[in-house]
Amino acid sequence: MRLTVAVACGLVALSVACADKAKVQIAQAPPPETVFVRQPEPAPPPPEPLAVTPHLVGFNAIGDTERLSLPEGATCVAASENIAVVDSTGLVRATGNGATHLRCWQGEHNAQVKINVAQEVARVQVVADEGLAMRKSGDSLHLNLARVDRLGTPVAGSKTMWSSLAPDVVRVDSTSGVVFGVADSGTARIVGTAAQVADTVIVEVGVKQAATQLLSSTSRTASSRLRTLARANSTQRFGLRAPGATSPTGIVNQSLTSPAQVVGGNGVGARNPQPGDSLFKDPAFGLAAHRVVVPSLLAGFAEHRIITTLGGLEKTSGAIYGGGLSLTSRGVLGLRFQFMSGTLSKDTSTAADLKLTDGSVDATVAIAPWLNIIGGVEARRYESTAIQRWVMVGAGAETNFSLGGGSLRGIARLKLLPLISIASDVGTVTSPSFGLSGGFGIGFENRRISSSLLYDIERYSFPNGSGRKEQFGALLFQLGYRLGW
C-alpha cells in the first residue's frame, strides 16, 4: 500500500517537473521574426512647362516678324531655318513657306511654339515681254503676272486667270495669258487676277511697226526691272547676302525698299500710268480689287458763324457725329455719301442754339493718279426758333499726295458752289450770291483700314449791299473699313 502511494506520488512529481520544464522551454523560445515591406519612393514631379507666348505663330509674308514673350535666360531654336529663324531676344522671322516649330528651354523647363508660313498675294503687276500693241487682227502677244506678298517678296504657285473687257477687239486665253487680236483696230483692257488680286493693262490693235517695236522694247526692260527689283528687295530687306542665306542679326531692316517700290512707280510695266490703273491709283490696296467699298464712322467739331447786316456776330459750335460710305470702281469712278448731325450751342449772346442735320453725295472722276474731279449736292438743315433748309450744288477738284512714300497721304480740295438755295418756314430768305468750300488734312490707308482727319470750311457771300456773310467749318475724323472684290 505504501509502495503504491509512493509510486503514485513519484509519477505526479515527475509530471509536474516535465510541465515546468516545458514552460521554461516555451518561455525561452525566441519571438517570431517581423517582416518589413519597403514602400516605393514617390516619383519626382515633372518640370513645369516654360512660359512662352504665343504658342502658335502664323505669317502671310516672307520676312514678317513677331516677337515671343520669353522668361529671362530662355533660349529658342528653330527646327527648320528654311521656314523660320529666331534670335536670342525671341524675334521670329519667316524665311520660307511651310510649317515648323521652335524648341525653347530654360534649365529643365521647356516649351514648343508652332510656326506656319503661307504667303498671300498682296500685289500683282501685269508684265508683257512682247509689248502691248499688235499691228492687225490675228497677231498675238503673251502676258505674265508678277505677284508679291505685302512685304514685296515674290509669290509662286498661285493660279492666274485672264479676261478681256472687250472680247470683240482682243481675246485672251484665260489660263495662259496669250492675247489674240480679233478686230483690225481698237483697244481693250486685259485683267490679270491671282488669289483675287488684280491688275489691268490696255492692249491696242492697229499700231504701226515702229510703235510696236518701241513698246516691245519698253516692256522687256520693265519686265527685267521688275524681276531685279523684286530680287533686290528680298535680299536687301532681310539683310541677306544671297538667296537663302541667314542674316547675322535676324532682324528685318524696315528702312529699305517699300513694297510699292517693287511693283509700283513709273516705268514698271509696259505703259505709263493711266487713270484706271489701280496700281498707281492706290498702291496700298486699290490693285487688290476692281471695286472698293468703305463704310466709315465720323466724329468731329463744327462751328457756324453769321455776320449780320448790322455787323453783329452770331456764333454757335458743338460736337457732330455721323457716318459715310464711299464706292470706287477700277480706281477711276467713285461715289461718296456722308451724313452727320449734332447740336451747336450758342457762343454769343445774340445767337441761338442750333440743331444741325447734314447729308451730301459727291461723284469723283480720277483724271490723274493724284487728282480727282468732284461734283455733287449737299442738303443741310438748321433748326432753332425757325427752320432753314439749304441745298448746295458744287464742283471742284481734290488732290492726294504721298507723305514720306508710305501709307500716309496729304489731302486738299476746293469746290465752287454756284447754286445755293435757302428755304425757311417763317418767310422768304435771301440766298447767297456766291459760295466757296475748301478743305485740307491727312489720311492713312492700308489693306483694310482707312482713316482721315480733315478740316473743311465754307464761306458764303450774300448780294451786294446786304453786308451779311456766313461761314461753316468742321474738323472731322473718319475711320473706315475697306472691302474689295
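The protein I am presenting today has four helices and 26 strands, where helices (H or I, at least four residues) and strands (E, at least two) are DSSP runs numbered from the N terminus. This is a predicted model, in which local features need pLDDT of at least 70 and side-chain atom pairs count only at pLDDT 80 or more, while totals for chains, interfaces and linings use all residues. Residues are numbered from 1 along each chain as its sequence is written, and side-chain values use heavy atoms, with hydrogens and water left out.

Let me begin with the overall figures. Of the 485 residues in the protein, 39% are buried; buried means under 20% relative accessible area, exposed over 50%, and partly exposed in between, with a 1.4 Å probe and protein chains only. The accessible surface amounts to about 26200 Å², and carbon and sulfur atoms account for 59% of that surface. Such areas come from the Shrake-Rupley method with a 1.4 Å probe, and for residues only the protein chains shown count as cover. Among the contacts with a separation of 6 or more, 58% are between residues 24 or more positions apart, a contact being heavy atoms within 4.5 Å.

I turn now to the cysteines. How many disulfides does a search of the whole structure find? The search finds one, a disulfide being a pair of cysteine sulfur atoms within 2.5 Å. Its partners are Cys76 and Cys104, with the sulfur atoms 2.1 Å apart. Cys76 belongs to strand β3 (residues 75–78) and Cys104 to strand β6 (residues 98–106), so the bond ties together parts that are 28 residues apart in sequence. The torsion about the S-S bond is about 110 degrees, and the disulfide is therefore right-handed. Are these two cysteines buried or exposed? Cys76 has a relative accessibility of 9% and counts as buried; Cys104, at 0%, is buried too.

Strand β6 also holds Gly98. Gly98 has a relative accessible area of 25%, so it is classed as partly exposed. Leaving aside neighbours within four places in sequence, Gly98 is in contact with Ile83, Ile115, Asn116 and Val117. Of these, Asn116 is 18 residues from Gly98 along the chain, and their C-alpha atoms are separated by 6.0 Å.

Next, the nonpolar cores, each of which is a set of buried Ala, Val, Leu, Ile, Met, Phe, Trp, Tyr and Cys residues joined through side-chain atoms within 4.5 Å. The largest has 24 residues, and those touching the most other members are Leu143, Val170, Val179, Ile190 and Val203. Two or more residues come from each of β8 (123–128), β10 (140–148), β12 (170–172), β14 (186–194) and β15 (197–205). Which element gives the largest share of this core? That is β15, with four residues. Val203, not counting residues up to four places away in sequence, touches Leu132, Met134, Leu141, Val170, Val179, Gly186, Thr187, Ala188 and Ile190. Apart from this core lies another, of 20 residues, and Cys104 is among them, as are Leu68, Ala111 and Val113.

β8 pairs with β10 in the antiparallel sense over six bridges, two strands being paired if DSSP finds at least two bridges between them. Within that pairing, Val127 has Asn144 in β10 as its bridge partner.

Two open sheets complete the picture. β11 pairs with β14 in the antiparallel sense over five bridges, and Trp162 stands opposite Gly192 in β14.

The other sheet has three strands in the order β2-β5-β4, with antiparallel pairing. Its edge strands are β2 (65–67) and β4 (84–86), each of which pairs on one side only. The twist from one strand to the next averages 20 degrees; axes here are lines fitted to C-alpha atoms, for helices over the stretch in contact, and angles run from 0 to 180 degrees between N-to-C directions. β2 is joined to β5 (residues 91–94) by three bridges, the two strands running antiparallel, and Thr65 stands opposite Arg93 in β5.
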